Amino acid sequence: DSHNILINELNKLNIPIVGLSFGSPYLNSYEDIDTYICSYGYGDVTLKATSDILWGRVPASGKLPVDLNQQYKKGHGLEIAKRTKGFINSTKEYNLNSAWSIIDSAIQNQIFPGAQIFISKNGETIASEGFGFFTYDSIKSVQRESIYDIASLTKVIGTTPVVIKLISQSKLGVNYPINQFYPNIASDLKKIKIKHLLTHSSGMKPFIEFFLNSNKYASEEDVISEILSEPLDFTPGTKFQYSDLGMIILKDIIEIVSNNGIDKLAKSWFFKPLSMDNTYYNPPNNIIDRIVPTEFDSIYRKQLVQGIVHDENAYMLGGFSGHAGLFSTAEDVAKLGQLFLNEGTWLGNRILWSSLTREFTKKQNIPEGSERTLGWDTPSQNGKSSAGDYFSDGSFGHLGFTGTSVWLDPLNDIVVVLLTNRVHPSRDRGGIYGIRRNFHNQIMKEIL
């Protein structure tokens with residue numbers, strides 16, 4: 001009776017209820033349970049098998065060995081396939097025409113030639129669309145499988161998750177000073193901690209155009225040495241200054257503590273388990289026809305940049321670094337974003353510790369008043385955020401220079417990814433801020 005009273009009270013909350021039984025499967029009523037899984041016994045094997053069924057890690061095919069009532073008789077049981085997709089199609093229809101008109105207008109006004117969009121809520125795909133073309137010649141249209149250079153989204157899709165994983169393995173910590181890895185650096189740099197690199201408060205310069213002097217910087221070690229020999233612009237932790245240099249150093253630290261390449265770690269720990277099959281560092285030449293071009297580089301590479309990273313320093317460093325280099329699709333970016341909304345789980349498997357995902361996605365107040373988390377950005381509270389006005393407090397995301405963005409709302413379980421090549425054929429183009437802001441406002445007003 002006590003179980004039935006509890007179930008009845010839970011049912012009043014108007015949320016889905018899953019009932020698990022490990023002993024007697026009999027209840028007075030089954031009407032207040034949305035799903036009922038009957039197991040028999042309390043051993044480790046039974047508990048593991050039940051959890052695998054609950055999370056969809058294995059197919060469900062069991063049958064009742066007894067009669068529960070006139071409706072659920074011996075032999076009754078649902079057959080449910082193993083979960084293989086992170087997103088399912090939405091059961092609700094939304095009118096996104098106002099948002100699509102903003103994208104169409106941007107294409108017509110040549111702010112970008114095309115775009116790729118993915119939107120989900122509660123793990124359900126609301127939209128996964130391609131708009132416009134690869135370039136302004138209107139020959140090759142953008143599809144769901146088209147691949148974009150996601151620029152600085154690399155910081156949160158590649159670098160930040162790898163840092164979290166290394167922390168869970170006790171190989172790294174946010175309070176580790178970087179002189180643990182570079183003992184001979186100047187005294188002011190010894191104050192820099194991993195958290196300062198992640199919150200862009202290290203005092204390092206925003207960037208240095210290493211690629212303009214490639215003879216001087218012949219190797220990655222030369223670049224690292226130069227960064228660590230530069231005087232800081234301010235005392236670590238006292239100001240915010242967005243810095244690619246800090247992420248280049250962070251990538252080097254990752255490879256020091258792991259004795260492995262960040263590209264291999266990200267693929268093994270995240271891209272492969274999440275079936276991010278269209279995400280690459282240094283994508284292979286045989287898929288170049290699916291990769292959307294970025295800028296015509298008239299200074300450094302003297303060519304249209306397609307299939308190689310847009311960021312010049314990342315290109316010089318072997319095609320990628322901690323700050324840039326990833327190529328991906330909107331849906332693949334969304335998968336990594338949903339992993340964070342799930343607090344580290346994917347298809348029932350624990351990939352990241354929930355405590356660490358929560359810590360990395362909350363504002364750190366470093367420096368005081370900063371809106372940065374560890375790795376991620378958050379929608380600005382000044383009413384002018386490119387994420388718009390409707391993402392709830394606690395939302396997080398990031399922008400990429402090539403015209404990419406991802407925004408995640410944990411309260412409403414919403415993912416919005418917008419990928420464009422707004423730097424085509426030249427980065428000297430405006431208008432992306434207004435498009436991002438208006439687009440996100442129209443999306444959120446409709447799906448909230």
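Me: Which residues touch the most other members of the largest nonpolar core?
Reply: Ground rules before that: this is a predicted model, where local features need pLDDT of at least 70, side-chain atom pairs count only at pLDDT 80 or more, and totals for chains, interfaces and linings use all residues. Residues are numbered from 1 along each chain as its sequence is written, and side-chain values use heavy atoms, with hydrogens and water left out. Now the general idea: a nonpolar core is a set of buried Ala, Val, Leu, Ile, Met, Phe, Trp, Tyr and Cys residues joined through side-chain atoms within 4.5 Å. Buried means under 20% relative accessible area, exposed means over 50%, and partly exposed is in between (1.4 Å probe, protein chains only). Here the largest core has 76 residues, and I157 and M204 touch the most other members.

Me: What does I157 touch, leaving out residues up to four places away in sequence?
Reply: A contact means heavy atoms within 4.5 Å. By that test I157 touches I150, F271, M276, L326, V333 and L336. Apart from this core lies another one, of 27 residues, with L96, W100, I432 and F439 among them.

Me: Okay, on to loops. Is S201 buried or exposed?
Reply: S201 counts as buried because its relative accessibility is 0%. It sits in the loop between α5 and α6. Leaving aside neighbours within four places in sequence, S201 is in contact with H196, F234, P236, G237, K239, I366 and P367.

Me: With which side chain does the side chain of S201 make a polar contact?
Reply: A polar contact is a pair of N or O atoms within 3.5 Å; within protein, one must be able to donate a hydrogen and the other to accept it, and residues adjacent in sequence count only if both atoms are side-chain atoms. For S201 the partner is the side chain of T199, at 2.8 Å.

Me: And which backbone oxygen does the side chain of T373 reach?
Reply: That of F360, at 2.9 Å. T373 is placed in the loop between α11 and β13 (396-400), and at 0% relative accessibility T373 counts as buried. Not counting residues up to four places away in sequence, T373 touches L198, T199, F360, T361, K362, K363, Q364 and T378.

Me: Where is Q71 found, for a look at another loop?
Reply: Q71 is in the loop between α2 (44-54) and β3 (88-89). With 55% relative accessibility, Q71 counts as exposed. The side chain of Q71 makes a polar contact with the side chain of Y72 at 3.4 Å. For a sense of distance, Q71 and Y176 are 61 Å apart in space, C-alpha to C-alpha, and 105 residues apart in sequence.

Me: Let's do charges. How many salt bridges does the count come to?
Reply: The rule is a side-chain nitrogen of Lys or Arg within 4 Å of a carboxyl oxygen of Asp or Glu. The count comes to 18. One of them pairs R144 with E331, with the closest N and O atoms 3.5 Å apart. That pair links distant parts of the chain, 187 residues apart: R144 in the loop between β5 (124-132) and β6 (148-149), E331 in helix α10 (residues 330-341). R144 is partly exposed at 45%, and E331 is partly exposed too, at 25%.

Me: With which residue does R358 form a salt bridge?
Reply: With E343, the closest N and O atoms being 3.0 Å apart. R358 lies in helix α11 (residues 354-360) and E343 in the loop between α10 and β11 (345-346), so the pair ties together parts 15 residues apart in sequence. R358 is partly exposed at 42%, and E343 is partly exposed at 31%. Elsewhere, salt bridges that share partners join K48, D52 and R57 into one network.

Conventions:
Helices (H or I, at least four residues) and strands (E, at least two) are DSSP runs, numbered from the N terminus.
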